[in-house]
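Work through the exercises below with the structure open beside the text. Try each task before reading its solution.

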2 protein chains.
Amino acid sequence: MKIVCTKSNLVKGVGIVSKAVPSKTTMPILECILIDASAEEIKLTANDMELGIETRIEGEIIERGIIALNAKIFSEIVRKLPDNDVVIETESDNQALITCEKAKFNIAAQSGDDFSYLPVIEKDDFITVTEFTLKEVIRQTIFSIADNDTNKMMTGELFEIEENILKVVSLDGHRISIRKIELKDSYDSKKVIVPGKTLQEISKIIGGEAEAEVDISFTKNHIVFEFDKTVVVSRLIEGEYFKIDQMLSSDYETKVKINKRELLDCIDRATLLIKEGDKKPIIIDIRDDSMELKIKSQIGSMDEEIFIAKEGKDLLIGFNPKFLIDALRVIDDEEVELYFMNAKAPCFIKDEAQSYIYLILPVNFSAVA
Amino acid sequence: MKIVCTKSNLVKGVGIVSKAVPSKTTMPILECILIDASAEEIKLTANDMELGIETRIEGEIIERGIIALNAKIFSEIVRKLPDNDVVIETESDNQALITCEKAKFNIAAQSGDDFSYLPVIEKDDFITVTEFTLKEVIRQTIFSIADNDTNKMMTGELFEIEENILKVVSLDGHRISIRKIELKDSYDSKKVIVPGKTLQEISKIIGGEAEAEVDISFTKNHIVFEFDKTVVVSRLIEGEYFKIDQMLSSDYETKVKINKRELLDCIDRATLLIKEGDKKPIIIDIRDDSMELKIKSQIGSMDEEIFIAKEGKDLLIGFNPKFLIDALRVIDDEEVELYFMNAKAPCFIKDEAQSYIYLILPVNFSAVA
């Protein structure tokens with residue numbers, strides 16, 4: 001094999017597929033990026049068997065062939081090369097030569113025979129969203145997946161399509177995040193659970209432009225994202241997702257309208273007084289025109305008042321401040337509305353159209369206040 | 001005590017003195033910042049007994065007094081307050097109240113009675129350099145101090161004044177860095193060893209403007225830096241510094257003139273192939289119009305040619321690539337000149353005026369090449 005392409009194209013391509021290279025594996029071939037120049041195009045592929053990414057890069061094929069290179073070494077070399085044309089060629093069975101201007105690198109290579117290509121997916125039906133929307137939806141829900149594997153389902157996100165609505169849901173046992181977006185067309189109903197890791201990596205790869213589009217298609221076991229010159233294939237998490245509808249209620253006894261920035265800054269300040277792992281709640285005292293936030297720890301105490309517009313009853317309620325911060329950070333509205341039932345029922349932060357709903361369980365603070 | 005000052009003044013002042021707060025100590029009072037508003041001015045002080053920093057901040061003293069606050073908590077609170085006036089007051093013997101807009105923080109405080117003020121220094125004679133120059137000189141030498149304490153002297157830098165020249169020297173047993181700058185006046189001869197940590201912290205505090213000046217004065221055991229509203233006092237390292245003059249030689253057998261950026265980029269690329277802790281040298285093969293750089297490791301091999309202008313003999317010599325990189329990174333010249341005697345003698349990188357001299361010992365590569 002012998003190919004020529006620009007450093008910048010190579011850096012971009014390697015950066016994309018590297019997201020599917022496992023950081024730890026016992027199979028050396030999985031640590032590789034496959035360069036496939038066996039046909040008309042140069043394709044880079046990485047695949048950790050859960051997540052596989054393939055991207056096409058522009059360049060010239062001088063001699064057709066396939067080669068697998070260690071992803072870490074290859075990407076480091078490519079990034080540090082001069083900004084010019086790069087030649088990659090097979091030197092012998094297990095050696096590759098990378099040349100750029102007067103710099104020559106010789107590194108170990110593998111034939112690629114053992115490499116696992118992406119599964120071939122028959123694309124019948126797909127939905128289309130913009131890169132911007134997909135990136136936003138992930139950012140606005142990904143923080144409330146569970147990061148351990150005790151419940152596999154919680155490490156993923158529900159993607160539910162019903163007519164022209166895509167609903168994305170994540171939950172970790174203390175909170176639920178829901179984002180709904182309108183699609184351009186109507187589709188058959190579909191419910192899949194996408195691994196959180198896949199979504200995190202996708203979010204890093206896509207540019208986030210409002211113009212660029214991503215096609216999302218599904219098979220029984222896979223979800224496929226296609227955009228620009230890249231295809232991302234991920235296994236789905238098997239099983240049936242949690243029934244969340246019964247946890248959502250539109251009744252409330254207290255409704256608060258508040259400036260988001262002020263509330264977020266105040267809670268952020270309060271968390272200074274909490275050391276990592278310390279489970280001090282922030283106590284919220286809702287009265288007619290103002291809300292007092294209080295926190296007390298071994299380090300000291302803090303209280304602050306914020307003006308609000310309130311409907312309904314007064315309320316004293318406690319929360320894990322991190323959960324409020326996580327939700328408030330991803331909401332783009334200047335003002336948010338909080339709905340409460342009582343000090344033991346979940347709080348809802350949602351907009352009128354319910355394009356987002358954040359449910360957060362309160363904490364019992366009777367013993368600590 | 002009760003004072004009012006703007007958040008931004010407070011953030012700036014706390015940022016400066018925090019550099020003298022030890023990260024680990026058994027004496028809680030050393031973890032504190034002292035706020036001294038007992039006279040006409042508000043002064044912040046921190047002192048870890050080796051390095052002490054005092055800075056004046058603008059503000060209003062409503063009630064005179066002194067208070068010591070935990071530096072970490074105090075600085076975190078201050079940074080997260082709204083951008084407005086901050087009131088700091090003593091609430092009781094061991095409580096301080098920090099108020100800004102509607103946010104109120106209560107934290108533990110100490111009386112300040114146990115606090116170690118900076119030593120009172122009688123300033124007879126001092127030299128003046130610009131912030132820019134001091135920052136540059138530190139940056140251009142600090143990388144070759146030794147970071148462990150087996151030889152205390154190597155953890156500091158020599159500051160030697162002779163007539164109108166300030167010479168700054170650091171060395172770690174493998175290399176020597178020397179920077180000379182011209183002072184505006186002539187001074188009595190002086191030789192002191194300044195702890196590397198002091199210089200690192202000073203370098204973070206000073207702004208680096210070409211206009212602003214720093215006064216540097218000395219006592220038997222201390223060096224004092226004064227600039228803007230800040231005084232930094234540091235203990236000196238006792239003893240006599242290494243005699244470096246006998247290690248410097250101006251004879252050479254080979255002289256190479258080379259583009260600095262090209263050389264640096266090439267060595268930087270080559271180090272990709274070396275894992276942390278692996279002691280592979282970079283082999284430099286100097287011929288008439290070009291220099292070939294080669295490196296070989298378990299990961300692979302690399303070679304690259306660079307055009308040079310050469311005087312004298314051909315030479316094959318090996319170096320620890322990191323040492324070359326460290327020196328080249330801090331040289332601002334576009335072209336550098338390298339002087340060699342033979343493969344076992346040190347290489348010198350220096351400019352004609354000898355405003356900088358970097359001596360680097362070669363490594364023996366016969367066994368590894």
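This is a predicted model: local features need pLDDT of at least 70, side-chain atom pairs count only at pLDDT 80 or more; totals for chains, interfaces and linings use all residues.

**Exercise 1.** Describe how helices α1 and α2 of chain B pack.

Solution. 
Step 1. Locate the helices: α1(B) covers residues 7-17 and α2(B) covers residues 71-80.
Step 2. The angle between the helices is about 145°, and their axes are 9 Å apart. The crossing is left-handed.
Step 3. List the residues in contact. From α1(B) they are K7(B), L10(B), V11(B) and V14(B), and from α2(B) they are F74(B), S75(B), V78(B) and R79(B).
Step 4. Sort these residues by class: five are nonpolar, one is polar and two are charged.

**Exercise 2.** Classify the aromatic pair of F115(A) and Y117(A), and then the pair of F115(B) and Y117(B).

Solution. 
Step 1. Recall that two numbers describe a pair of aromatic rings: the distance of the centres and the angle of the planes.
Step 2. Read the numbers for chain A. The rings of F115(A) and Y117(A) are 6.2 Å apart, centre to centre, with 85° between the planes.
Step 3. Apply the cut-offs. Centres within 6.5 Å make a pair, and planes over 60 degrees apart make it edge-to-face. The pair of F115(A) and Y117(A) is therefore edge-to-face, because 85° is over 60 degrees.
Step 4. Turn to chain B. F115(B) and Y117(B) also form an edge-to-face pair, with 6.2 Å between centres and 85° between planes.

**Exercise 3.** Is each of F115(A), Y117(A), F115(B) and Y117(B) buried or partly exposed?

Solution. 
Step 1. Note the cut-offs: buried is under 20% relative accessible area, exposed is over 50%, and partly exposed lies in between.
Step 2. F115(A) has 7% relative accessibility, so F115(A) is buried. Y117(A), at 39%, is partly exposed.
Step 3. F115(B), at 7%, is buried. Y117(B), at 38%, is partly exposed.

**Exercise 4.** Over which ring does K350(A) sit, and over which does K350(B) lie?

Solution. 
Step 1. In chain A, the charged end of K350(A) sits over the ring of F348(A), 5.4 Å from the centre of that ring.
Step 2. In chain B, K350(B) lies over the face of Y339(B), 5.0 Å from the ring centre.

**Exercise 5.** Which residues of helix α3(A) are buried, and what covers them?

Solution. 
Step 1. Helix α3(A) spans residues 131-139, and its buried residues are E131(A), L134(A), E136(A), V137(A) and I138(A).
Step 2. The cover includes strands β10 (126-130), β11 (156-171), β12 (175-195), β13 (213-218) and β14 (222-227) and helix α4 (196-205), of chain A.

Technical notes
Residues are numbered from 1 along each chain as its sequence is written. Chains are lettered from A and ligands numbered from 1 in the order in which they are written. Side-chain values use heavy atoms; hydrogens and water are left out. Axes are lines fitted to C-alpha atoms, for helices over the stretch in contact, and angles run from 0 to 180 degrees between N-to-C directions. Helices (H or I, at least four residues) and strands (E, at least two) are DSSP runs, numbered from the N terminus. A crossing is left-handed if the near helix is turned anticlockwise from the far one by less than a right angle, and right-handed if clockwise. Contact means heavy atoms within 4.5 Å. Ala, Val, Leu, Ile, Met, Phe, Trp, Tyr, Cys and Pro count as nonpolar, Asp, Glu, Lys and Arg as charged, and the others, Gly among them, as polar. Rings of Phe, Tyr and Trp (its six-membered ring) pair if their centres lie within 6.5 Å; planes under 30 degrees apart count as stacked, over 60 as edge-to-face and the rest as tilted. Buried means under 20% relative accessible area, exposed over 50%, partly exposed in between (1.4 Å probe, protein chains only). A charge sits over a ring if NZ of Lys or CZ of Arg is within 6 Å of the ring centre and within 35 degrees of the ring normal.
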